[in-house]
Amino acid sequence: MHIAKDGEVEEAIFMKDRSVFRDYREDTQNFLKKCFDEDWAFGKIPRTVKKGNEHDAECQAIKDCLFEHYVRIINIFDYYSGTSQYPTLGMNDFTSFSNVTKILDHD
């Protein structure tokens with residue numbers, strides 16, 4: 001570990017190229033799109049749309065909206081899967097998420 005000596009205080013310096021993160025690459029739009037398309041392929045959303053055609057305008061609008069928030073969705077999944085029984089989200093965690101986000105229809 002490298003130490004910065006600036007006057008009286010010594011402070012550890014993080015050097016990415018000498019850490020376990022040296023091979024880490026930032027997510028690009030192309031990489032995220034490939035990940036999203038893979039997630040979409042395993043999802044059931046096209047089956048819930050009335051026509052069910054993946055190329056249907058309604059289905060495409062849903063896909064566009066989800067991709068717009070994809071990074072947020074990944075972060076939320078990471079949080080809840082980290083506090084749940086990885087790699088699945090338990091019913092209690094899903095219920096907690098649903099209550100926090102107020103996505104449940106109580107009618």
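Reply:
**Aromatic rings and the charges over them**

Lys33 lies over the face of Phe67, at 5.2 Å from the ring centre, where a charge counts as sitting over a ring if NZ of Lys or CZ of Arg is within 6 Å of the ring centre and within 35 degrees of the ring normal. The charged end of Arg25 likewise sits over a ring, that of Phe31, 4.4 Å from its centre. This is a predicted model, in which local features need pLDDT of at least 70 and side-chain atom pairs count only at pLDDT 80 or more, while totals for chains, interfaces and linings use all residues. Residues are numbered from 1 along each chain as its sequence is written, and side-chain values use heavy atoms, with hydrogens and water left out.

Across the whole structure, a search finds seven aromatic pairs, a pair being rings of Phe, Tyr and Trp (its six-membered ring) whose centres lie within 6.5 Å, with planes under 30 degrees apart called stacked, over 60 edge-to-face and the rest tilted. Phe67 forms a stacked pair with Tyr70, at 6.3 Å centre to centre and 25 degrees between the planes. Of these two, Phe67 is partly exposed, with a relative accessible area of 23%, whereas Tyr70 is buried at 6% (buried means under 20% relative accessible area, exposed over 50%, partly exposed in between, with a 1.4 Å probe and protein chains only). Tyr79 and Tyr80, by contrast, pair edge-to-face, with 5.0 Å between centres and 90 degrees between planes; Tyr79 counts as exposed at 53% relative accessibility, and Tyr80 as buried at 11%. Finally, ring pairs link Phe67 and Tyr70 with Phe36 and Trp40 into a cluster.
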